Amino acid sequence: MASRTKGTTTMEVGADGVAVITLVNPPVNSLSFDVLYSLKSNYEEALSRNDVKAIVVTGAKGKFSGGFDISGFGEIQKGTMKEPKVGYISIDILTDLLEAAKKPSVAAIDGLALGGGLELSMACHARISAPGAQLGLPELQLGVIPGFGGTQRLPRLVGLTKALEMILTSKPVKAEEGHSLGLIDAVVPPAELLNAARRWALDIAERRKPWVSSVLKTDKLPPLGEAREILKFAKDQTRRQAPNMKHPLMCLEAVEVGIVSGSRAGLEKEAQVGSEVINLDTTKGLIHVFFSQRGTTKVPGVTDRGLVPRKINKVAIIGGGLMGSGIATALILSNYSVILKEVNEKFLEAGIGRVKANLQSRVKKGKMSKEKFEKTMSLLKGSLDYESFRDVDMVIEAVIENISLKQQIFADLEKYCPQHCILASNTSTIDLNKIGERTKSQDRIIGAHFFSPAHVMPLLEIVRTNHTSAQVIVDLLDVGKKIRKTPVVVGNCTGFAVNRMFFPYTQAAMFLVEHGTDPYLIDKAVSKFGMPMGPFRLCDLVGFGVAIATATQFIENFPERTYKSMIIPLMQEDKRAGEATRKGFYLYDDRRKAKPDPEIKKYIDKARGVSGAKPDPKLEKLSEKEIIEMTFFPVVNEACRVFAEGIAVKAADLDIAGIFGMGFPPYRGGIMFWADSIGSKYIYSKLEEWSKAYGEFFKPCAFLAERGSKGAPLSAPLEQSRSRL
Ligand SMILES: C[C@H](O)CC(=O)SCCNC(=O)CCNC(=O)[C@H](O)C(C)(C)COP(=O)(O)OP(=O)(O)OC[C@H]1O[C@@H](n2cnc3c(N)ncnc32)[C@H](O)[C@@H]1OP(=O)(O)O
């Protein structure tokens with residue numbers, strides 16, 4: 001709440017005449033309004049005191065600042081906090097008080113200076129950094145724009161092209177690169193940082209070093225004509241890459257005004273745009289994602305018990321196929337020792353070969369040195385038996401989806417692995433209680449569901465049963481974080497969270513096509529909505545074999561709400577099995593470019609013969625909006641079931657699972673957030689209408705019916721008693 005103090009600054013004036021102002025707001029010294037107002041009053045005092053000649057700004061505990069306090073945006077959006085007058089921070093405080101002061105300021109940067117943190121440092125007259133500090137303007141990633149002068153000062157310090165690259169990609173640079181770009185004046189060891197900054201500040205005050213106001217610099221800016229060309233290119237690229245978001249273009253406008261009309265006009269434009277973007281729906285979605293992503297590691301009853309993750313040194317992986325080798329790659333990349341077990345030499349060699357190829361592709365792209373490649377590969381050992389499992393801390397089984405095979409493996413593991421060893425399965429659908437049926441180790445059995453390719457995809461679905469111990473969950477959460485995945489803890493059921501949400505999505509698409517909607521129109525509408533590709537292009541990519549195997553699991557487990565379409569099996573009979581066979585819903589050329597194929601009409605007609613579906617004049621002429629509703633409302637419906645059953649602890653976890661596991665556009669905030677932005681009443685009424693017209697597949701579940709009939713938000717927490725976890 002606005003009334004609670006969030007952070008402060010402290011000031012100490014040394015005998016040398018330097019006032020050191022320290023930002024204090026753990027854990028990343030974010031710039032809350034309390035910090036910013038405290039900074040202002042420290043400055044006013046320092047500027048008025050006769051014993052202060054110069055000022056150094058730094059951050060407490062080895063971190064300069066992670067930028068503006070992001071929760072402040074949420075509070076402004078909700079109206080629980082009043083935004084200060086437009087331009088108050090960036091113009092009144094940072095430009096007119098700090099940068100225009102008669103006493104120089106130097107930023108002493110350690111750890112990180114991101115967003116508003118870097119912007120504050122750029123308003124200082126020099127920046128000294130410790131090695132390796134991260135410097136960047138990641139605001140666009142959050143749906144906002146650099147609003148503390150970054151759109152004006154960064155181009156003036158590093159040049160327009162580099163500044164646009166940093167702003168548009170949100171990617172930080174290290175201090176060393178910052179130095180060569182002109183963003184940082186000197187890189188010094190951490191122990192010398194504060195003293196070096198003090199000396200630099202005094203040198204400026206005594207005119208031994210230049211007194212540079214970044215906002216007034218022009219030497220790095222290109223001539224106007226060239227600048228316009230660069231900006232036009234950036235705008236065209238942004239329109240193509242982010243067609244559903246307004247804020248990147250608004251940010252470019254602020255940069256342009258500064259170049260065309262001068263930095264003061266630019267600062268004013270930036271302030272105006274910065275205030276406007278806060279209330280965009282895409283901004284609300286992206287800020288929700290920032291906190292929800294960090295919230296997935298907070299599991300009530302598990303992570304609030306003071307358990308400390310145990311150290312995992314050695315991990316064994318059973319099965320060196322696509323998944324097993326991908327998981328092995330992810331682990332060795334984060335310095336875990338890994339044993340890869342296969343059933344014979346040939347498979348083992350192939351598995352190790354896949355890991356090697358995964359790493360070699362990094363070397364080829366220049367992301368990994370040859371030495372690092374050798375060192376990383378040396379962490380991987382192959383095995384054909386369980387003898388080397390005597391000292392492993394965790395095993396991840398990644399064999400084919402065959403229950404009796406998995407049961408045998410887990411029974412063997414219980415014999416060979418130490419008592420403390422975590423027994424994880426990478427199954428994407430099978431009930432973990434069944435897998436562990438032949439063991440007495442239910443408390444250490446857990447699902448570690450990776451997504452293919454496992455070393456690239458960011459999500460790790462951690463599946464716990466009613467028996468899995470809290471310690472084992474905490475351990476796996478820690479491993480997930482160390483291998484840079486976003487872990488989401490879910491309950492045990494067929495398909496867990498992601499596949500359960502995925503299924504109705506493909507099903508709805510099949511339903512529509514059998515009832516007359518053009519598949520390519522569906523793909524187009526879904527891509528425009530923001531998914532990486534449409535459902536038919538995706539089926540081609542994953543291959544029809546996988547699509548049929550998953551569908552079988554769902555038909556068996558949820559027959560009442562499965563729409564049985566024969567389109568895919570019929571195509572597969574004709575050896576059209578997706579991109580790998582160069583023919584699926586699309587035809588593929590040598591460069592894997594997809595082209596619609598009029599022939600698929602034949603399969604649709606045949607499938608209608610089996611299901612009895614007929615083209616429906618209404619469904620033949622759906623608008624893009626209607627296509628989106630008919631494909632995604634069934635997903636919302638299933639997400640509601642998953643939530644109501646307690647498979648997910650909180651709705652925000654489903655948002656993150658959908659974004660990182662299905663490719664749901666983050667700027668829509670995730671499936672439940674998006675649903676609430678539309679309103680449960682509307683979704684409920686639509687599903688009701690369709691279920692009457694088209695059958696059970698669309699029938700709203702009891703949870704959706706209950707909340708939808710009242711118009712209550714779908715993401716509001718469940719009452720405790722109903723949660724299964
Ligand atoms: C007007 C201005 O131009 C606008 C801005 O400045 S917008 C802000 C720009 N800054 C950013 O985007 C940086 C966002 N933060 C990050 O990228 C990462 O948190 C980080 C690189 C700073 C640290 O990463 P890491 O060490 O992995 O820790 P991480 O778990 O992400 O964060 C630690 C805690 O700090 C919080 N935090 C991090 N940055 C924050 C920020 N700017 N505001 C508020 N809280 C923040 C996180 O929510 C998390 O809280 P929790 O422990 O309660 O979950």
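Tutor: Let's start with a term: a nonpolar core is a set of buried Ala, Val, Leu, Ile, Met, Phe, Trp, Tyr and Cys residues joined through side-chain atoms within 4.5 Å. This is a predicted model, where local features need pLDDT of at least 70, side-chain atom pairs count only at pLDDT 80 or more, and totals for chains, interfaces and linings use all residues. Residues are numbered from 1 along each chain as its sequence is written, and side-chain values use heavy atoms, leaving out hydrogens and water.

Student: Which residues have the most contacts inside the largest nonpolar core?

Tutor: They are Phe389, Val395, Leu413, Phe585, Phe632 and Ile671, in a core of 98 residues. Helix H26 (residues 624-644) gives the largest share, 12 residues; helices here are DSSP runs (H or I, at least four residues), numbered from the N terminus.

Student: What does valine 395 touch?

Tutor: Leaving aside residues up to four places away in sequence, its partners include Phe389, Leu413 and Ile422. Contact means heavy atoms within 4.5 Å.

Student: Why is alanine 648 called buried?

Tutor: Buried means under 20% relative accessible area, exposed over 50%, and partly exposed in between (1.4 Å probe, protein chains only). Alanine 648 has 2% relative accessibility, so it counts as buried. Its place is in the loop between H26 and helix H27 (651-662).

Key. Helix = DSSP H or I, 4+ residues; strand = E, 2+ residues; numbered from the N terminus.
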